[in-house]
Amino acid sequence: MGMPEYDVFIAGGAIAGPVAAKFCAKQGLKTLLVEKAKVPRDKTCSGIQFPYFEKIIGDPIPPDRLCRNTLSKVEIHFPNGKVTQVGFPMLSFMRSTFDEWLCRLAQAYGAEFRDGCSFKSCEESASGALIHLEAGGKHETIRARYVVDATGMRAVIRRQLRGAEGFQRGGTGATLNYYFTADGDLQPDTLYQFWNLEFNDAMFAWVYNKTLPDGQDYWVVGTGYEKDIYLHLDRFFAHVQNLYHLKNVNIVKKEGYSASMSLLDERRIWLGERNFLMTGDAAGLIDVTRGVGMDAAALSGRLAAKAIGLAARESRPVGETYARLMKDLVAQTRKNQHSGVQSCATNAALQTYLDKGMLRMGLRMFFQNRLNRLRSGEHQVMLP
Ligand SMILES: Cc1cc2nc3c(=O)[nH]c(=O)nc-3n(C[C@H](O)[C@H](O)[C@H](O)COP(=O)(O)OP(=O)(O)OC[C@H]3O[C@@H](n4cnc5c(N)ncnc54)[C@H](O)[C@@H]3O)c2cc1C
């Protein structure tokens, strides 16, 4: 039997990967999507997105893949103690069940999906890339014309092509979530954001409810910090317990995440070269100023598929087309890279940063949210 051949190989069955796979398969391209974990698998993430996320995916999200509680308000706590509430509908889900659905969706559109299958290495040959895979101790090599890296911040294909460029030695900080049950005054329809450098040094610290489709009901408290993550989360959690009169607090699960992609390094954002395209966090598109990354991951997956379709049909160089389609998203991410909370040394500076930014952000949310309803999935503008 000859070596299996595909038009497109995609590593990473989370957000960017399955969205790319869906849109590749939709164009009739023979597509293989691999995910190293068995699905459903856990992923440290708040799983909160804007409604336009569904438009980028291009299919309605089944209600049983969403949390039972709807998030419709954001309560913002400023460093100076002021609190404001804004109404805003959000999507909320657990990444385990959501990512599994996306992989199955790509499959339904005709992509081949293998879970428990890892990308190991690749090499270029005259007739395309040779990809070495491993599943359950067995090794296999396939050939593909186009290769998409959707393996997140550890970016396994990118690391092979580009080495440590855009990464730094050791970690660049960590994020930590505690799942807990408690009685008290927290509201399940509200995303609580606490802007305070004692709690989080890159964005806000968070609290929200996750009522799972099976009825299990948790609160999640979490934050990110360059170092001493437990100390900062414990301090923040004590503040939350006091503020919302929480009683009978029981931590049922802790989950953490750390990566070495360098948030401030210009070279972090890299879309790939030749027939190798980087998407989502593997392309460096996580945006801590916006506080989210799944929308950019989905959009980059969709646009990578579009670029591959155009390149395959019209013999165009895929990298140029992808870079052109991604121009606005890359420009926004680069701009935000240098204007985030990291630029504030004190809470007073953070307060000034927020005073200046909040009105602008509110207006932008108001208008772009309305315009996004009129725009196609490929032309969504990321918020806030
Ligand atoms: C604590 C925390 C909270 C967050 N909250 C939000 C939020 O509320 N909203 C939001 O929009 N964003 C949030 N983000 C960011 C968001 O999680 C990422 O931007 C998003 O997951 C990126 O998706 P991706 O598809 O690029 O990669 P990832 O989600 O990182 O997935 C990469 C996939 O590749 C797989 N993989 C890795 N190596 C291999 C291999 N060798 N072979 C095959 N598969 C492989 C992994 O198993 C994984 O499934 C949060 C991040 C963190 C850390």
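Me: Hi! What counts as a helix or a strand here?
Reply: Both are DSSP runs numbered from the N terminus: helices are H or I with at least four residues, strands E with at least two. This is a predicted model, so local features need pLDDT of at least 70 and side-chain atom pairs 80 or more, while totals for chains, interfaces and linings use all residues. Residues are numbered from 1 along each chain as its sequence is written.

Me: Okay, how do α1 and α6 pack?
Reply: Helix α1 (residues 16–26) and helix α6 (residues 294–314) pack at about 30 degrees, their axes 7 Å apart (axes are lines fitted to C-alpha atoms over the stretch in contact; angles run from 0 to 180 degrees between N-to-C directions). That makes α1 roughly parallel to α6 (under 35 degrees).

Me: Which residues of α1 and α6 meet?
Reply: A16, G17, V19, A20, F23 and C24 in α1 meet residues of α6 including A297, G301, R302 and I308 (C-beta atoms, placed from the backbone, within 7 Å). By class, the contact has 10 nonpolar, 3 polar and 2 charged residues (Ala, Val, Leu, Ile, Met, Phe, Trp, Tyr, Cys and Pro are nonpolar, Asp, Glu, Lys and Arg charged, the others, Gly among them, polar).

Me: Switching to the sheet: what's the strand order?
Reply: The open sheet has 8 strands, ordered β3-β5-β4-β11-β12-β13-β10-β14, with mixed pairing (a pair needs at least two DSSP bridges).

Me: And which strands stand at the edges?
Reply: β3 (48–49) and β14 (247–258) do; each has a single partner strand, so one side of each is left without a neighbour in the sheet.

Me: Which helix packs on that sheet?
Reply: Helix α5 (residues 229–243) does, touching β10 (174–183), β11 (190–194), β12 (205–211), β13 (217–225) and β14. Its direction makes about 130 degrees with that of β13.

Me: How many bridges join β10 to β14?
Reply: 9, and these two strands run antiparallel. Y179 stands opposite K253 in β14. On β10's pairing with β13, also antiparallel, there are 7 bridges, and A174 stands opposite Y225.

Me: What about β4 and β5?
Reply: β4 (residues 71–77) and β5 (residues 83–92) pair in the antiparallel sense over 6 bridges. K73 has G87 in β5 as its bridge partner.

Notes:
Angles under 35 degrees count as roughly parallel, over 145 as roughly antiparallel, 65 to 115 as roughly perpendicular and the rest as oblique. Two residues are in contact if their C-beta atoms, placed from the backbone, lie within 7 Å.
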